[in-house]
Amino acid sequence: MAHPAGPYLGKDLLGLEELSAEQITAILDTAEPFKEISERPIKKVPVLRGKTIVNAFFENSTRTRISFEFAEKRLSADTVNFSASGSSVSKGETLVDTAKNLEAMRIDMVVIRHGASGSARFLAERIDSNVVNAGDGRHEHPTQGLLDLLTIRDHFRRIAGLKVCITGDILHSRVARSNLWGLRKLGAEVAVCGPRTLLPRDVEEMGVTVFRRIEDAIEWADVLNVLRLQLERMQGGFVPSLREYNRVFGVTRARLDRAGRDILILHPGPMNRGVEIDSDVADGPHSVILQQVTNGVAIRMAVLYLLAGGAPERAEAAKTGGGE
Ligand code: CP
């Protein structure tokens, strides 16, 4: 069964690397009117009525899975959640066989999180349904990158010209890659900061400034996007100890106070409090960590709407039940 390749995004959303600045801006602009739906007493509009979406999560998730599910339900799609444990994947069924069986039940879209880099593209090339990458290994997490961009834009009313430093475990991070692509395409200056063992070997060739000291990064930045140490992807030896990491690279109140100006603090979650970020920063006045989570629902609504063939200029009308 053929599925629409929306005129704005095409058939799938696999990463920000392959999107233009115009496409990224169109997603952010489409999310704006959708924000208001979540503030209503009845959080539902008929934008995706009749669509069936499978959320296939082969890796753990709290924010992304629930946020996609809320986005789908608020747009009136029918949703099914699928996880590897308890399914026939645990009996050896392949990803493509699993997806083809789901398609045989006449689905429209698959939202996939998987531990293997490239798995979303692999699937998208083999099934007709729209595929949305909800995080594939170390490759990309495009909707996280988009919700980070929206949150920064909400605060500064622009992205171009801002100095954004991504701190922490860049090596294992799909969030870092999606942020890098998105921020640079929209004209921000991007830097990274972390221990040498947690930076990709070719980091200098990625066209970013590299800070070896967190104090220098804080001195430079308008925005810090603080990444989690991905302990589950490390086989040991990347940092001497978590306490040592906090002492040298932790984003602490004392370090921010020394900078003497306001710096916007983002973190994609889940946080290791007291490791990459201290609680008084995470819960402090310049943290927009929960705003990121709120924006995640609107971003995912926008992505689903555009993949289903919606147009940014019709989003305002669509959310009141018209415009389609
Ligand atoms: N930020 C993020 O991807 O969080 P989850 O792993 O909880 O989905």
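Which residues surround the ligand? They are Ser61, Thr62, Arg63, Thr64, Arg113, His141, Gln144, Pro268 and Gly269, where a residue is near a molecule if one of its heavy atoms lies within 4 Å of it. Please keep in mind that this is a predicted model, in which local features need pLDDT of at least 70 and side-chain atom pairs count only at pLDDT 80 or more, while totals for chains, interfaces and linings use all residues. Residues are numbered from 1 along each chain as its sequence is written, and side-chain values use heavy atoms, with hydrogens and water left out.

**Around the ligand**

Some of these neighbours make polar contacts, meaning pairs of N or O atoms within 3.5 Å. Here they are:

| Residue | Residue atom | Ligand atom and distance |
|---|---|---|
| Serine 61 | N or O atom in the side chain | oxygen, 2.6 Å |
| Threonine 62 | polar backbone atom | oxygen, 2.8 Å |
| Glycine 269 | polar backbone atom | nitrogen, 3.2 Å |

**The sheet and its helices**

Let's turn to the strands, which are DSSP runs (E, at least two residues), as helices are runs of H or I with at least four residues, all numbered from the N terminus. Five strands form an open sheet in the order β7-β6-β5-β8-β9, with parallel pairing; two strands pair if DSSP finds at least two bridges between them. At the edges are β7 (209-211) and β9 (264-266), each pairing on one side only. On average, neighbouring strands of this sheet are turned by 25° against each other, direction ignored.

Strand β6 (residues 189-193) pairs with β7 in the parallel sense over three bridges. In β7, threonine 209 stands opposite alanine 191.

Helix α5 (residues 142-156) lies across β8 (223-226) and β9, and runs at about 165° to β9. Helix α6 (residues 174-185) lies across β5 (163-167), β6 and β8, running at about 170° to β5. For these angles, axes are lines fitted to C-alpha atoms (for helices, over the stretch in contact, with heavy atoms within 4.5 Å), and values run from 0 to 180 degrees between N-to-C directions.

**The cysteines**

How many disulfides does the structure hold? The count is zero, with a disulfide taken as a pair of cysteine sulfur atoms within 2.5 Å. The closest cysteine sulfur to that of cysteine 165 is in cysteine 193, 5.4 Å away, so the gap is too far for a bond.

Are these two residues buried or exposed? Cysteine 165 is buried, with a relative accessible area of 0%, and cysteine 193 is buried too, at 1%. Buried means under 20% relative accessible area, exposed over 50%, and partly exposed in between (1.4 Å probe, protein chains only).

How values were computed: Polar contact = N/O pair within 3.5 Å; in protein donor to acceptor, adjacent residues only side chain to side chain.
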